[in-house]
Amino acid sequence: MQELDQTQELIQMLKERLNEKDETIATLKATIKNLEATVKMLQENAVDLKATIANLTETLNEFKRKFFGISSEKSKKKQTDEPVCEEASEQESGIPVKEHTRTRKKKAKRDDLYALLPIEEVLCDVPQQERLCPDCGAEMEHMGYTFIREELRITPAKVVRVRYMQEKLICPVCREEDDTTITQAKTPTALMPHSPASPDMVAMVMYQKSFLHLPFYRQEKDWKEKGVPLPRETAANWYNTCALEYLLPIYQAMHVELISRSVIHADEVPCQVLHEEGKAATSKSYMWVYLSGTDGEPKIVLYDYCSGRGGDHPIKFLAGFTGMLQCDGYSAYGRIEDVVLACCLAHCRRKFFEAIPAERRKKQKLLDINSEQAQEKPDDKTASNEKLSAAQKGVEFCNRLFYEERLYKDLPADERKQKRLETQPRIWEEFWSWLETLSPTGGSKLEKAVNYAFNHKETLMNYLQDGRCEISNNAAERRVKSYVMGRKNFLFHNTVDGARASATVLSLIETAKANNLNVYQYLYTLLLYMPDYKNEPAGIEQLMPWSDFIKEKCSGVTDTSTEKPESRGNLSI
């Protein structure tokens, strides 16, 4: 009986130990499970950290490139050695390029380059004492002149004081009868009453400020060298007053014309105004740019100063426009009603270009529609090329579309649209299918490029609907650059009126350039006639950049000697 009890106790003890063992095993399993979860979490953290490090490195490299490298996305290409001024062969030569031949632009001759300049001939005669024959002593006869060389001469600007003296007539007969009859001559309307400002001088101030990008303080030094103490405050007052009083009606008429067009480009760029009600001096304002598309009509470029970047600004400016708006992916443009957005492919390509590693970016080619340099056709097997990174493949897809556009850029709108629809939808379908296969690292530049493309999938392809629409918004970006070049010099606007005046003057300058006018001559002509015609719609119509009157007056070289305020005549209205 005692042995049975001992056995039972032993069995009970073994059961307790087995239970302890099971508990220990369960505890160990739980611990292992926790460790496995911890390891998995650490692995995920390691992946996230690697991605974060890669993204930060990518961002740091991009900042280094922007601060210390070139800002352009253009790659280096071998430039052709072509002299500009020397006489060359008149024959156009074909340059064989991979899969196509492109015609080289004919080299310009010196006579073509300087065709608009007046010619003066300097006759180099033989001195009188040397006109006798050295052999027989007879007087030698004139044979003619031989052309030896030519050179360009410039006459520095000269400022003179012009005093208008008004003649007055009195009737002697009436005077004898104790009556006074006096008649006086008409004088030209003053540009600015009680001011020495003249059309040509104010036009020069505007030309230097907004075309040559010379701030007023630099102009002040230049005027002083000419003997004119013109303080920068006075020059700024002339600029603002004449722009808002005389040039603004032309700007407003061009605005009405622009809204009636079918295709408009739009973009915006930051600027700064020191004194604006309700805003700090360091806050951002924006200069918006709008221009006409390739519709065959006279070109229009307009700048519009606004205090912000909200969608209300383009909505207000484009009120009444119902065509196609070419722009970047900024969401504010999406708020405009009754327009078709055409997103810029150059912006999409730029996202992929920025995702390319720096060491490969230098070798990446970028095709440009308007470049005169011949370019090879991109490889159609882009997606299957294992040598290229995903970002490079994205750039190459865009290059293929730009290459096709370059082939069609000179075609009529209807034919251009037909050619696009024959070739480009296939490239787009291949592009979107390829993007679906990508799994970019979260937060990387490649992911941003892919997301940008997908977010604007429809608007990127809208240009296919109209042959007058461009594949990119580079036309607007080039006009933005015109403002930015000036901003780098003058840095900021002092007042809102100054910013609006700058927008007005720059609009007329860029529109004059786009219509092949002499910029200074156009500004001078406007200031010459507008004091008398600023309230005459028919007169304003004759002073538009595309009118026959302006084409005749402002298509040659600068010449203000033939027309002065006292002799300019009247517009035929």
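Is R309 buried, partly exposed or exposed? Select R309 and keep that in mind: with a relative accessibility of 31%, R309 is partly exposed. Here, buried means under 20% relative accessible area, exposed means over 50%, and partly exposed is in between (1.4 Å probe, protein chains only).

Before going on, note that this is a predicted model: local features need pLDDT of at least 70, and side-chain atom pairs count only at pLDDT 80 or more, while totals for chains, interfaces and linings use all residues. Residues are numbered from 1 along each chain as its sequence is written, and side-chain values use heavy atoms, with hydrogens and water left out.

**Stop 1: salt bridges**

The side chains of E268 and R309 form a salt bridge, 2.7 Å from N to O. (A salt bridge is a side-chain nitrogen of Lys or Arg within 4 Å of a carboxyl oxygen of Asp or Glu.) The pair links distant parts of the chain, 41 residues apart: E268 is in strand β5, and R309 is in the loop between β8 and α7 (312-317). Helices (H or I, at least four residues) and strands (E, at least two) are DSSP runs, numbered from the N terminus. E268 is buried, at 9% relative accessible area.

Now pick R261 and D295. Their side chains meet in another salt bridge, at 3.3 Å from N to O. This pair also links distant parts of the chain, with R261 in the loop between α6 (232-259) and β5 (263-271), and D295 in the loop between β7 (285-292) and β8 (301-306). R261 is buried at 7%, and D295 is buried at 18%. The structure holds 19 salt bridges.

**Stop 2: two helices side by side**

Show helix α10 (residues 390-408) and helix α11 (residues 413-436). How are they packed? Their angle is about 175°, and their axes are 10 Å apart. That makes α10 roughly antiparallel to α11. Axes are lines fitted to C-alpha atoms, for helices over the stretch in contact, and angles run from 0 to 180 degrees between N-to-C directions; angles under 35 degrees count as roughly parallel, over 145 as roughly antiparallel, 65 to 115 as roughly perpendicular and the rest as oblique.

Zoom in on R400 and E430. They form a salt bridge, with the closest N and O atoms 3.4 Å apart. R400 lies in α10 and E430 in α11, so the pair ties together parts that are 30 residues apart in sequence. R400 is buried at 2%, while E430 is partly exposed at 26%. Then select E405, R416, R420 and E470, which are linked in a network of salt bridges.

**Stop 3: a covered helix**

Go to α8, where 7 of the 10 residues are buried. Among them are L345, C348 and F353. Click on H347, which sits in this helix (residues 345-354) and is buried at 14%. Leaving aside neighbours within four places in sequence, H347 is in contact (heavy atoms within 4.5 Å) with D328, Y452 and E477.

**Stop 4: out to the surface**

Last, select L116, L117, L152 and V557. They form a nonpolar patch on the surface, with about 360 Å² of accessible area together. Patches are made of residues with over 30% relative accessible area and no salt bridge, joining like charges within 9 Å and nonpolar side chains (Val, Leu, Ile, Met, Phe, Trp, Tyr) within 5 Å. Accessible areas come from the Shrake-Rupley method with a 1.4 Å probe; for residues, only the protein chains shown count as cover. L116 is exposed, at 56%.
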